[in-house]
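User: Could you take me through a few local features of this model, giving the general idea behind each before the particular case?

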Amino acid sequence: GVQTTTTMDSKVTAAVSAMAVDEGTSERPKKTKKEKKPKKSGGPAKEKEKMTREGMEHSKADFSEWYQEVVQKADMIEFYDISGCYILRPWSCGIWDFIRDYIDSTIKSYGVENAYFPLFVSKSRLEREKDHVEGFAAEVAWIDKDLEDPIAVRPTSETIMYPAYAKWIRSHRDLPLKLNQWANVVRWEFKHPTPFIRSREFLWQEGHTAFATKEEADAEVRQILDLYKSVYEDLLAVPVIQGQKSEKEKFAGGLYTTTVEGFVPATGRAIQGATSHGLGQNFAKMFDIMYESAAAPAESEGGAARLHVWQNSWGLTTRTIGVMVMVHGDDKGLVLPPRVAPTQIVIVPIVAKGKEDMVRTAANELGATLSKAGLRTKVDDRLDKKPGWKFNYWELKGVPIRVELGPRDIDAGTVAVSLRFDGSKTTVP
């Protein structure tokens with residue numbers, strides 16, 4: 001990943017030191033010491049109070065504490081009893097659904113098909129490509145080392161998928177082969193776990209394609225990189241820069257790696273967003289993935305009719321959600337871009353004594369109209385919460401637009417509209 005020389009607070013350094021290392025498939029992990037237990041910030045009573053109080057308590061200037069707090073209190077994650085593992089709650093899964101659907105529909109227009117391969121990989125397969133296995137050795141989670149051929153959970157799927165590719169690709173007519181899978185992977189050994197940014201298990205898509213020529217493969221690497229840029233900029237409103245990794249940082253066993261890199265202003269650091277790799281013919285040679293050329297034998301490379309394919313792999317993970325939170329969030333909580341917000345508009349009825357039913361009815365009618373227009377709308381007509389509490393709650397959740405509707409608004413034929421990203425408030429018909 002890209003690194004900067006910005007001086008940072010020690011707490012922030014601990015929380016984001018992993019940002020420059022991809023959760024996906026682009027950089028060799030370095031050997032790390034055993035993960036240290038986090039220091040206690042107070043006694044049990046204080047910790048309990050911290051977890052149960054409503055609303056944000058930390059400013060974004062205290063970035064490490066702020067980030068941990070916002071992803072919990074905005075109902076994005078719940079902690080699990082295994083360090084580095086997190087429960088993704090419906091609010092964050094809803095955001096991931098929009099990212100997934102956008103990518104899925106786009107790659108299908110490119111001719112990519114979805115498939116699913118097993119979670120487990122044997123040691124003999126994993127070690128077929130020396131540079132590849134060395135790049136992931138420290139992060140492999142072994143299930144049973146006592147077997148004659150030990151079994152591990154996939155850290156990535158090249159060695160799982162490519163023996164099948166060798167069976168399926170026989171002729172030039174079988175090319176290009178373009179497959180993608182939506183899956184989870186496990187990277188076991190690391191330090192400083194951070195929700196969405198660096199975790200033992202995460203969700204992603206990984207595409208694996210094979211072509212007859214390098215030119216075709218190179219064109220797809222850039223095509224996918226453009227797609228990843230679009231995910232960040234068009235869906236998440238996060239600007240990114242496209243580039244190519246150094247030889248030291250490229251994907252283990254690949255020919256070259258391209259990347260989109262974001263920037264987190266609150267920390268002054270870059271963060272890797274997604275990667276698209278040109279694998280060359282290395283894996284094809286390891287797994288004997290060959291095809292019969294359309295050319296006559298005498299016209300083929302080296303006089304042979306059978307040639308190795310050119311391959312790519314590319315992946316984007318749930319890290320996207322963490323980057324979005326870090327870039328857009330503020331002291332009040334999340335700030336969600338409208339295209340990925342599970343709820344785009346929340347309507348808060350401002351009830352008055354004797355007019356409760358009238359206001360709630362008008363609010364639900366407005367909500368139904370907006371929903372029919374294709375806007376993801378929720379009417380918060382809970383009776384046990386006051387409007388001020390609801391304002392703070394939905395600001396914390398990052399909902400882009402809040403609509404307030406009371407008796408005076410109904411009489412005037414207007415509503416009060418507040419925008420989450422800048423806090424502006426206007427009255428509209």
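User: Where is the place of Thr 106?

Analyst: Helices (H or I, at least four residues) and strands (E, at least two) are DSSP runs numbered from the N terminus, and Thr 106 has its place in helix α4. This is a predicted model, in which local features need pLDDT of at least 70 and side-chain atom pairs count only at pLDDT 80 or more, while totals for chains, interfaces and linings use all residues. Residues are numbered from 1 along each chain as its sequence is written, and side-chain values use heavy atoms, with hydrogens and water left out.

User: Is Thr 106 buried or exposed, and which backbone oxygen lies 2.8 Å from a polar atom of its side chain?

Analyst: Buried means under 20% relative accessible area, exposed over 50%, and partly exposed in between (1.4 Å probe, protein chains only); Thr 106, with a relative accessible area of 17%, is therefore buried. The backbone oxygen in question belongs to Tyr 102 and lies 2.8 Å from a polar atom of the Thr 106 side chain.

User: How do α4 and α10 pack, and at what angle?

Analyst: Two packed helices are described by the angle between their axes and the distance between the axes. The axes are lines fitted to C-alpha atoms, for helices over the stretch in contact, and angles run from 0 to 180 degrees between N-to-C directions. Here helix α4 (residues 90–109) packs on helix α10 (residues 319–328) at about 110°, the axes being 10 Å apart. Angles under 35 degrees count as roughly parallel, over 145 as roughly antiparallel, 65 to 115 as roughly perpendicular and the rest as oblique, so α4 and α10 are roughly perpendicular to each other.

User: Which residues of α4 and α10 meet?

Analyst: Taking contact as heavy atoms within 4.5 Å, Ser 92, Ile 95, Trp 96 and Ile 99 of α4 meet Thr 320, Ile 321 and Met 324 of α10. The residues of this contact comprise 5 nonpolar, 2 polar and no charged.

User: Which residue other than glycine has phi near 65°, and where does it sit?

Analyst: Asp 75 has that positive phi, near 65°, and is found in the loop between α3 (63–73) and β1 (77–79). Its relative accessible area is 18%, which means that Asp 75 is buried. Ala 237 likewise is not a glycine and has a positive phi, of about 55°, in the loop between α8 (214–235) and β9 (241–244); with a relative accessible area of 42%, Ala 237 is partly exposed.

Definitions and conventions: Ala, Val, Leu, Ile, Met, Phe, Trp, Tyr, Cys and Pro count as nonpolar, Asp, Glu, Lys and Arg as charged, and the others, Gly among them, as polar. A polar contact is a pair of N or O atoms within 3.5 Å; within protein, one must be able to donate a hydrogen and the other to accept it, and residues adjacent in sequence count only if both atoms are side-chain atoms.
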